[in-house]
Amino acid sequence: MVKRIALAQLSSCWGCDQSLVDLHLKLLDVLPALDIVYWPAVVDYKMADLEAIPNHSIHFGFVEGSCRTKEDLHLLRLMRQKSKLLVAWGSCSAYGGVQGLGNQWELNDLLERKFLKADTITEGRIPEENLPGFTEHVTPNPDIVDFEVILPGCPPTSENTAEALTALISGKPYDLPDKTVCDQCPKERKEKKIKKFFRTHEGHIDPNKCLLDQGYLCLGFATIGLCGAQCPTVNTPCKGCFGPPPNIKDHGAKIISALGAIADMTPEELERAFPDPIGSFYFTDYASSYLSRIRGKQRSRKKK
Ligand code: SF4
Ligand code: SF4
Ligand code: SF4
């Protein structure tokens with residue numbers, strides 16, 4: 001039986017869609033089993049087209065992006081209403097994404113920075129007309145509606161999406177593995193005692209040895225192993241874009257506690273090494289961190 005599928009985009013870069021399109025001819029393995037009923041990234045569907053679809057009639061709803069606008073919230077809830085099985089597709093959808101880093105500031109600060117204070121602005125104004133309105137902060141989609149499947153990645157690899165789709169089409173579950181990027185990485189690891197961290201362009205990388213052992217912040221040890229260790233394999237440290245494996249509840253907290261054990265450095269040296277700790281330790285998942293949730297609760301208490 002052909003399955004009906006909808007692919008929706010909330011606030012995002014649409015890279016997850018790009019990753020699916022990158023399957024090229026391999027798409028022919030899955031497309032005959034699918035009836036695409038909504039996919040604005042490739043066809044000019046409107047919100048009304050989705051609204052007109054009967055509830056619970058879409059077999060698989062793929063949601064990319066996170067809710068930065070009130071229209072995103074409406075689209076997310078609509079996708080839940082129309083879909084039997086909902087997939088949080090990509091790290092924006094699973095955790096809030098890079099835009100979740102904005103949760104460090106108030107909405108007004110973000111608007112002022114973007115529209116009034118950026119260096120390139122000459123006559124700034126905060127636009128208001130014909131806009132859906134911003135959400136106060138980014139709440140991870142799984143805190144707003146239930147999802148049956150979480151498929152992280154920024155973006156998930158084309159193969160990840162193909163595997164998930166193939167499993168779903170054949171009625172099999174799609175579960176995340178507990179392994180990490182380190183489990184997929186071919187580099188030689190030793191006991192760590194890091195005396196100095198380097199930025200990626202500094203020093204000379206030994207391609208055979210673990211990047212973290214050499215003082216490059218490679219987050220493979222705390223990041224779910226789904227991408228095939230594609231960055232460290234080409235000597236680029238893992239930034240943790242797929243988020244943590246299911247057995248780690250807070251990605252950045254795990255990274256910070258590990259650094260405490262392996263870095264033989266003073267707090268001042270660590271501060272100098274990581275001037276943007278939240279950006280470094282929670283690249284795509286700050287919105288789902290304990291820190292962001294605590295801050296969100298403090299904000300709501302202040303407003304009462
Ligand atoms: S998860 Fe990454 S690639 Fe996908 S939409 Fe978000 S920012 Fe883009
Ligand atoms: S290079 Fe990175 S991914 Fe590879 S073993 Fe070291 S920490 Fe893990
Ligand atoms: S190695 Fe790390 S940063 Fe690179 S794609 Fe995989 S999870 Fe993302």
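1. Gln 9 touches Trp 14, Asp 17, Pro 40, Ala 41, Glu 64 and Gly 65, when residues up to four places away in sequence are not counted; contact here means that the C-beta atoms of two residues, placed from the backbone, lie within 7 Å. Gln 9 has its place in strand 1 (residues 3-9), where strands (E, at least two residues) and helices (H or I, at least four) are DSSP runs numbered from the N terminus. Gln 9 counts as buried because 21 other C-beta atoms lie within 10 Å, the rule being that 20 or more such atoms within 10 Å make a residue buried, 12 or fewer make it exposed, and anything in between makes it partly exposed, with C-beta atoms placed from the backbone. The C-alpha atoms of Gln 9 and Ala 94, which are 85 residues apart along the chain, are separated by 13 Å.

2. On the basis of the model: this is a predicted structure, in which local features need pLDDT of at least 70 and side-chain atom pairs count only at pLDDT 80 or more, whereas totals for chains, interfaces and linings use all residues. Residues are numbered from 1 along each chain as its sequence is written, while chains are lettered from A and ligands numbered from 1 in the order in which they are written.

3. Leu 7 also lies in strand 1, and it is buried, since 23 other C-beta atoms lie within 10 Å. Leaving aside neighbours within four places in sequence, Leu 7 is in contact with Asp 17, Tyr 38, Trp 39, Ala 41 and Phe 62. For the pair Leu 7 and Asp 17, ten residues apart along the chain, the C-alpha separation is 8.5 Å.

4. Turning to the chain as a whole, it holds 13 helices and five strands, and buried residues make up 36% of its 304 residues. Along the principal axes, the C-alpha atoms fill a box of roughly 60 × 50 × 35 Å. Of the contacts between residues at least 6 apart in sequence, 76% join residues at least 24 apart.

5. The chain is divided into domain 1 (3-99 + 130-169) and domain 2 (181-293), with bounds that come from an automatic or database domain assignment. Their C-alpha centres lie 29 Å apart, and the contact takes 14 residues from domain 1 and twelve residues from domain 2. On the side of domain 1 that touches domain 2, the largest share, three residues, comes from helix 5.

6. The largest nonpolar core has 60 residues, and those with the most contacts inside it are Ala 6, Ala 8, Val 63, Met 79, Val 87 and Ala 88. This core draws at least three residues from each of domain 1 and domain 2; such a core is a set of buried Ala, Val, Leu, Ile, Met, Phe, Trp, Tyr and Cys residues joined through C-beta atoms within 7 Å. Met 79 touches Ala 6, Ala 8, Gly 61, Val 63 and Leu 86, not counting residues up to four places away in sequence.

7. Of the 14 residues around ligand 1, those that come nearest are Ser 12, Gly 15, Gly 90, Cys 92 and Cys 154, a residue being near a molecule if its C-beta atom, placed from the backbone, lies within 6 Å of it. Helix 1 (15-21) and helix 5 (91-95) are the elements that give two or more residues to this shell.

8. Ligand 2 is surrounded by 14 residues, of which the closest are Cys 182, Cys 185, Cys 210, Cys 218 and Gly 220. The residues around ligand 3 include Cys 227, Cys 231, Cys 238 and Cys 241, and the largest share of that shell, three residues, comes from helix 9 (residues 230-233).

9. Thr 200 has its place in the loop between helix 8 (181-184) and helix 9, and it counts as partly exposed because it has 14 C-beta neighbours inside 10 Å. Leaving aside neighbours within four places in sequence, Thr 200 is in contact with Tyr 216, Thr 236 and Pro 237. Thr 200 and Thr 236 are 36 residues apart in sequence and 7.3 Å apart in space, C-alpha to C-alpha.
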